[in-house]
Amino acid sequence: MSTTVEKIKSIEDEMARTQKNKATSFHLGQLKAKLAKLRREILTASQSSGGGGGGVGFDVARTGVASVGFVGFPSVGKSTLLSKLTGTESESADYEFTTLVTVPGIIRYKGAKIQMLDLPGIIDGAKDGRGRGKQVIAVARTSNMLFVVLDVNKPLAHKQVIEKELEGVGIRVNKSPPDIIVKKKEKGGISITNTVPLTHLDNDEIRAVMSEYRINSAEIAFRCDATIEDLIDVLEGPTRRYMPAIYVLNKIDSLSLEELDVLYRIPNAVPVSSGKDWNLDELLQTMWDRLNLVRVYTRPKGTMPDFSDPVVLRSDRCTVRDFCNQIHKSLVDDFRNAAVYGTSVKHQPQYVGLNHVLQDEDVVTILKK
């Protein structure tokens with residue numbers, strides 16, 4: 001019996017042989033859906049074998065308000081970068097595969113404690129389990145952001161290979177979830193509506209994918225110009241991870257100014273030299289902007305605000321309730337209202353309830369019953 005990886009290879013070969021046209025769209029749709037389900041099998045197997053994490057040498061106690069995973073080919077400078085940013089000594093050398101386990105470090109930036117994870121070098125075929133690919137990607141999936149570290153002296157084709165590996169296990173970098181709503185029904189067949197023209201897929205492909213997932217009756221509403229991969233992502237649901245990524249273009253000390261100008265045209269990229277400490281400030285500022293964290297300062301009643309130690313919240317969990325729970329859960333039980341100063345309110349101060357959404361650098365005084 002063929003293995004999952006062999007089945008994936010067989011389907012990929014068949015897709016490569018099949019010319020895309022109206023007559024083959026249904027067949028190609030089924031193949032893409034089968035491919036996604038097989039990749040999910042590999043991912044699920046790696047998670048269950050590692051207890052939901054990466055396994056021995058890869059499970060790291062999580063700390064801080066966010067985590068940043070370093071991924072890249074071997075010997076691109078990930079370990080040196082971690083050492084320079086966090087002071088953590090991760091073994092580095094000029095030969096490949098120096099790092100064999102996850103090496104964690106902590107950086108305090110703008111009052112926030114952020115964990116950084118140096119992962120072993122990724123290789124072509126990691127998504128199919130080559131090398132330690134399964135473990136590396138399992139840890140990467142649990143991060144809040146990725147630093148994709150690239151050596152500018154090696155082909156930037158490495159960027160495409162890493163993106164392919166991440167895509168293959170459901171990690172979508174610098175993308176938003178597709179605006180597609182699938183509502184299953186008990187009967188009535190497949191009905192398709194779209195608010196924008198669909199230029200990348202047709203009804204045959206849609207029905208082929210739904211058939212492969214054994215969904216015979218559903219309402220599908222497309223609110224974006226979706227691809228077949230977008231539809232599969234929606235059906236796969238929790239196995240998909242959408243996260244920001246920064247392409248860290250390392251070793252720029254070997255480039256000319258003209259070559260450096262070209263690098264700055266690459267979207268979501270920050271050129272650095274970890275060995276020379278060049279441009280690390282810009283990298284950290286870009287990281288901060290993309291993590292979208294919210295700093296909230298406390299102001300106990302009758303005192304001045306404490307600007308030295310902010311409460312740092314995620315932008316998707318930054319209500320007054322979240323703020324209270326971060327300090328101590330008993331605050332919610334005794335809560336009367338909160339006096340808020342800052343950009344989230346019109347008046348200074350303004351008295352708000354637990355559901356008020358805070359913004360960066362707001363100042364809060366909690367008033368108890």
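The model is predicted, so local features were taken at pLDDT of at least 70 and side-chain atom pairs only at pLDDT 80 or more, while totals for chains, interfaces and linings use all residues. Residues are numbered from 1 along each chain as its sequence is written, and side-chain values rest on heavy atoms, with hydrogens and water left out.

Start with strand β10, residues 245–250. Helices (H or I, at least four residues) and strands (E, at least two) are DSSP runs, numbered from the N terminus. Of the 6 residues in β10, 6 are buried, where buried means under 20% relative accessible area, exposed means over 50%, and partly exposed lies in between (1.4 Å probe, protein chains only). In a regular strand, side chains alternate between the two faces of the sheet. Here both faces are covered: Ala-245, Tyr-247 and Leu-249 are buried on one side, and Ile-246, Val-248 and Asn-250 on the other.

As for pairing, two strands count as paired if DSSP finds at least two bridges between them. Strand β4 (residues 145–151) runs parallel to β10 over 6 bridges, with Val-148 partnered by Tyr-247 of β10. Strand β11 (residues 269–271) is also parallel to β10, joined by 3 bridges, and Leu-249 sits opposite Pro-271 in β11. Between β10 and β11 the chain passes through helix α8 (residues 257–263), giving a right-handed β-α-β crossover; that is, with the strands pointing away from the viewer, the path from the first strand over the helix to the second runs clockwise.

Now for the charged side chains. With a salt bridge taken as a side-chain nitrogen of Lys or Arg within 4 Å of a carboxyl oxygen of Asp or Glu, the count comes to 17. One of them joins Lys-32 to Glu-229, at 3.3 Å from N to O. Lys-32 belongs to helix α2 (residues 25–49) and Glu-229 to helix α7 (residues 228–236), so this pair ties together parts that are 197 residues apart in sequence. Glu-229 is partly exposed, at 38% relative accessible area.

Arg-295 and Glu-361 also meet in a salt bridge, at 4.0 Å from N to O. Arg-295 is in strand β12 (residues 293–298) and Glu-361 in the loop between β15 (350–352) and β16 (362–368), so the parts tied together are 66 residues apart in sequence. Arg-295 is buried at 10%, whereas Glu-361 is partly exposed at 43%.

Finally, Arg-172 pairs with Glu-167, the closest N and O atoms being 3.4 Å apart. Arg-172 is buried at 6%, but Glu-167 is partly exposed at 30%. Both belong to a salt-bridge network that also links Lys-175, Asp-233 and Arg-240.
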